[in-house]
Amino acid sequence: MMRDTIILRVVVKLLLPVILIFALYVQFHGDYGPGGGFQAGVAAAAAVILYGLVFGVSAARKVVPQGILLALIPLGVLIFAGTGILSLLLGANYLDYSPLGSYPKAGQHLGILIVEVGVFVTVSSTMLAIFYAFGGRAEDALVSEEENE
Amino acid sequence: MMIVAVYGIIRSRNLFVVVMLSGIYSFLMATVMVVLDAVDVAMTEAAVGAGMSTVLMLAVLGLVRSREAPLRHSPILPIIVCCLTGGMLIYGTVSLPPFGHIDNPQNQHVAPYYIENSVRETGSPNVVTAVLASYRGYDTLGETTVIFTGGIGVLVLLSGVMTRRRRFNNQKESDE
């Protein structure tokens, strides 16, 4: 989209790892500070979207292919629901994480982390898929305009 | 400042300016949330309201014209509906209990239990995370499912439009 602006490209390249690290920090530090799967998912998706805005959606599609996204969206929900079923199999109530660890507190901790990963996966891939759907159409429109000319 | 942003959104006919102003409005809203000590909500507002929706709006702006179309009908009925809804909402706040009071229903129900027991029972110092992921796990599961359903819905709608348009174009080409 903006292939000529070198300042933008360099700054984005510098920012991308910072955004991704921040997303992971928000994800795994959610137990202790503000944040969690939802916010981290949006931040991670924002990193890829930024890349897509500057380098074009097709470049972003090479980094995170659309097919993987479509598999990841239901995978997050499955991780979440599967954790609940796992605790059912271990003899507790649905979504009661206590039996997952060696003692209840560790189980709760592990359960919260797994569930947040599920939220992260679904949120980030959904946001990205919607962006691909819109941005891809914009790019398709550009291509077809060029073909018409 | 939020009022200025809203006034700008209403007055401006340039949709790019409107998108940027609504992003600014979201950031101001996030600041309000920080002032109210709701850091998690502020983070969500900043990420989703200011970041994600602004980017999606810009992506859509790439597809449509960036000037607002002139009105084709009188704006009186929408104004009446808006004023009625706003008036009813303000009327509803009159009977709300005083802000932050200890005797309020939301401070008396399960909240004290969460605050007292969440660290002991879940080992998570952040009460918000403990409530979201552990005590109210069902609700968060439902929330994730809503995002899943919404995303799939949008994708189905958009891909449906695309295949139909492609078929239409192919048909036109074969007709020619």
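# A tour of chains A and B

Begin at Q39(A), which touches V26(A), D40(B), M43(B) and T44(B) once residues up to four places away in sequence are set aside, a contact being heavy atoms within 4.5 Å. This residue belongs to helix α2 of chain A, where helices (H or I, at least four residues) and strands (E, at least two) are DSSP runs numbered from the N terminus. Q39(A) is buried, its relative accessible area being 9%; buried means under 20% relative accessible area, exposed over 50% and partly exposed in between (1.4 Å probe, protein chains only).

The model is predicted, so that local features need pLDDT of at least 70 and side-chain atom pairs count only at pLDDT 80 or more, whereas totals for chains, interfaces and linings use all residues. Residues are numbered from 1 along each chain as its sequence is written, chains are lettered from A and ligands numbered from 1 in the order in which they are written, and side-chain values use heavy atoms, with hydrogens and water left out.

**The interface**

Next, select the residues on both sides of the contact, 42 from chain A and 40 from chain B. Between them the two chains bury about 3,700 Å², with 78% of it on carbon and sulfur atoms; buried area is the accessible area (1.4 Å probe) that two parts lose on being put together, summed over both. On the chain A side that touches chain B, the elements giving two or more residues are α1 (6–28), α2 (37–55), α4 (66–89) and α5 (104–148) of chain A. Of these, α5(A) gives the most, with 18 residues. The residues of this side of chain A divide into 29 nonpolar, 8 polar and 5 charged, where Ala, Val, Leu, Ile, Met, Phe, Trp, Tyr, Cys and Pro count as nonpolar, Asp, Glu, Lys and Arg as charged, and the others, Gly among them, as polar.

**The largest nonpolar core**

Now select F80(A), Y97(A), L128(A), F131(A) and Y132(A), which touch the most other members of the largest nonpolar core, a set of 35 residues. Such a core is a set of buried Ala, Val, Leu, Ile, Met, Phe, Trp, Tyr and Cys residues joined through side-chain atoms within 4.5 Å. At least two residues of this core come from each of α2, α3 (57–63), α4 and α5 of chain A, and likewise from each of α3 (39–61) and α8 (137–175) of chain B. The largest share, 12 residues, is supplied by α5(A).

Centre on F131(A): leaving out residues up to four places away in sequence, F131(A) touches I49(A), G52(A), L53(A), V57(A), G136(A), V55(B), L56(B) and A59(B).

Colour chain B by element to see 8 helices and 0 strands; of its 176 residues, 24% count as buried.

Select S26(B) in helix α2 (residues 15–35) of chain B. At 8% relative accessibility S26(B) counts as buried, and, not counting residues up to four places away in sequence, S26(B) touches E45(B), G49(B) and A50(B).

Finish at A133(B), in helix α7 (residues 127–135) of chain B. Which residues are in contact with A133(B), leaving aside its neighbours within four places in sequence? They are Y97(A), I112(A), E116(A) and T140(B), and A133(B) is itself buried, with a relative accessible area of 2%.
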